[in-house]
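How can the packing of helices and the surface of a protein be described in plain terms? The report below takes up these two topics in turn.

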Amino acid sequence: MEKKFRHIIDMLMVLDILLLMGYQITGQYYHEIAGTVMILLAIIHTVFNWNWYQGIKKGKYSRTRIYITIVNFGLLLMLVLLAWSGITMSGYVFSFIPLRRGVAVARRVHLAASNWCFVLIGIHLGNHWRIIQNRMLRKKNGVMKKIYGVIVLIFFVMGGYFFTQSGMIQNMLFLSQYEKVKDISEISFFAEQFVMLSFFTTIGYWIFKVCSGDRKQEQESERKEKDEVSKTKKKWVIRICLLTFIGILFYFFGVRYIQRHFVTNEIAVKQKVAGNHAILERNDKILTVYFTRLGNTDFEKDVDAVASASLITDHGTMYGNSQVLAQMVQSIAGGEIYPIEVEKKYPSSYADTVRVANDELSKKSRPKLSGEKIDVTDYDTVVLIYPVWWNHIPMPVVTFLEEYDWTGMTILPIATHGGSGEASTVEDIRKITKAKVGAPLTVFDDEVKDARDRIISWLGNQ
C-alpha cells in the first residue's frame with residue numbers, strides 16, 4: 001500500500017512539473033494552483049522518504065550514493081527556491097501574504113529554479129527507471145525490446161534538440177529574466193516538454209548505471225541502515241497528508257476561486273481619485289495615455305467586474321484599472337487623458353482575451369486603433385499606463401507607440417500586473433520609442449484603488 005501510494009505521489013509530481021512548464025497555456029491562476037500542488041506533493045514525498053534523510057550520516061558513501069545524494073539535495077533546494085519565489089510573486093493563491101519586495105529577484109530565481117527542477121526531476125526519475133523498465137520488458141520478446149530501444153533513442157535525440165532550442169540553458173544560468181513564448185499548440189507544447197523530460201530521464205538512467213557497480217550489495221547495506229517506522233504511524237501520516245491536501249485544494253479551487261471570480265472589486269472612484277493637486281518639481285506639460293480592457297472589449301450585457309478581469313466597479317459602473325490610474329494621475333498632475341482603443345474588440349471572457357493576446361504577441365501583429373490621433377508633440381511628458389500581458393506591453397500599445405515620433409520626450413510607465421512586476425515592458429518601450437523612459441511604477445491589480453499616494457511619490461521622484 002505504502003509503495004503504491006509513494007509511486008502515485010512520484011507520478012503526480014512528474015505530471016505536475018509538465019503542467020507547471022506550460023505557464024503560457026495555463027495562465028497565472030492555474031499555474032499558481034499547480035505550483036501549490038507541487039509544494040504539497042514535495043512535502044508528502046519528503047515525509048515518506050524521511051528514513052533516507054535520517055541515514056545521511058550513516059554508512060559509507062559509494063559513487064552511487066554520492067550521485068543520488070547530490071541529485072536529491074539539488075532537487076530539494078530547487079523546490080524550496082520555487083516555493084519561496086512563487087509565494088513572493090503570487091497574485092492569487094498566496095496574495096494574502098504581504099510579500100511585495102524582491103519581486104524582480106524572485107522572478108529570476110523562479111525561472112532558473114523551475115528549469116533546474118525540471119531537469120533534476122527527469123534525472124531523479126532516471127535513477128529509478130531500471131525498475132520501471134524491467135517491469136515493462138519482463139515478458140516482452142527480443143523484437144519488442146529492440147523497438148523500445150529505438151523509441152528511447154528517438155526520444156533522446158529529439159529531447160536533446162528541443163532542449164537546446166528551448167532557451168532553458170539561458171534560464172538555468174540566470175541569463176534570461178523571462179520565459180520564451182512559443183507559438184505552438186497546447187498538444188505540441190506538452191509533447192515537447194515530455195520528450196525533453198525523457199531526455200533527462202535517459203541521462204539519469206545511464207549516469208546511475210555507470211555509478212552503480214555491485215548494486216545488490218549496496219541495496220542490502222541500505223536496508224540494514226534504514227530505521228523502521230511503525231505501520232500505525234505511517235497510516236496516520238497518510239491520513240493527515242491526504243486530509244490537508246484535500247482541504248487546501250478545496251480552499252484554492254473553492255473559496256479562493258469564488259473570491260477571485262465571483263466577488264466584485266468595488267471602490268468609490270471619485271473618493272479614491274480626488275485629492276490635492278500635487279506640487280511637482282517638474283513643470284512639464286503632461287499627457288496621460290492608458291490602455292485597458294474597458295472600451296476595448298465586447299462585454300456581454302450581464303458581465304460582472306471581477307479582480308481577475310482587471311475591472312473594478314463603482315455602484316454598478318465599470319472602470320478599467322488603467323482608467324482609474326489615469327484619472328488619479330490627472331488629479332495629481334493635471335494635463336489631458338487619452339485612451340488607446342482598438343477597432344477589433346477583445347472577447348468578453350478574460351481567458352479568451354489572454355489567448356488572443358498571446359496570439360498577437362507570437363505573430364507580432366499590430367491591432368488597428370480607432371479614434372482620433374493626438375499630437376504628442378504638444379506635451380513634454382507622457383505617462384503611459386498599461387497592463388502587463390505575457391511579460392510585454394499589449395500589442396495595441398505597440399501600435400500606438402509606433403505611430404508617433406518620441407524624440408526628446410519623456411515617457412513615464414505605469415504597469416498593472418498580477419505578480420510579474422513590470423516584466424520586460426520598459427525595455428519594450430525603450431526599443432520602440434528611443435525616448436527617455438523614466439523609472440516605472442508597478443501596481444498590483446488588487447492595489448489600484450489605493451495607488452494615489454504611491455503615484456504622488458513616484459511622480460515626485462522622476
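Predicted model: local features only at pLDDT ≥ 70, side-chain atom pairs only at ≥ 80, totals over all residues.

Two packed helices are described by the angle between their axes and the distance between the axes. Helix H7, which covers residues 142-166, packs against helix H9, which covers residues 186-212, at an angle of about 110 degrees and with the axes 7 Å apart. H7 is therefore roughly perpendicular to H9, since angles of 65 to 115 degrees are counted in that class. A second pair is formed by helix H13, residues 321-333, and helix H17, residues 452-460, whose axes cross at roughly 55 degrees and come within 10 Å. That angle makes H13 oblique to H17. The handedness of each crossing is listed here.

| Helix pair | Handedness of the crossing |
|---|---|
| H7 and H9 | left-handed |
| H13 and H17 | right-handed |

Two residues of H7 can now be considered, namely Val143 and Met158. Is Val143 buried or exposed? With a relative accessible area of 55%, Val143 is exposed, because the cut-off for this class is over 50%. Met158, in contrast, has a relative accessible area of 35% and is therefore partly exposed. Although Met158 and Met196 are separated by 38 residues in sequence, their C-alpha atoms lie 7.6 Å apart in space.

Val143 also belongs to a nonpolar patch on the surface, which it forms with Met144, Ile147 and Ile151. Together, these four residues have about 340 Å² of accessible area.

Notes. Residues numbered from 1 in each chain as written. Heavy atoms only, no water. Patch = residues over 30% accessible without salt bridge, like charges linked within 9 Å, V, L, I, M, F, W, Y side chains within 5 Å. Areas by Shrake-Rupley, 256 points an atom, 1.4 Å probe, with all protein chains shown as cover. Salt bridge = Lys/Arg side-chain N within 4 Å of Asp/Glu carboxyl O. Helix = DSSP H or I, 4+ residues; strand = E, 2+ residues; numbered from the N terminus. Buried < 20%, exposed > 50% of the residue type's maximum accessible area, 1.4 Å probe, protein only. Axes fitted to C-alpha atoms, helices over the stretch in contact; angles between N-to-C directions. Parallel < 35°, antiparallel > 145°, perpendicular 65-115°, else oblique. Left-handed = near helix turned anticlockwise from the far one by under 90°.
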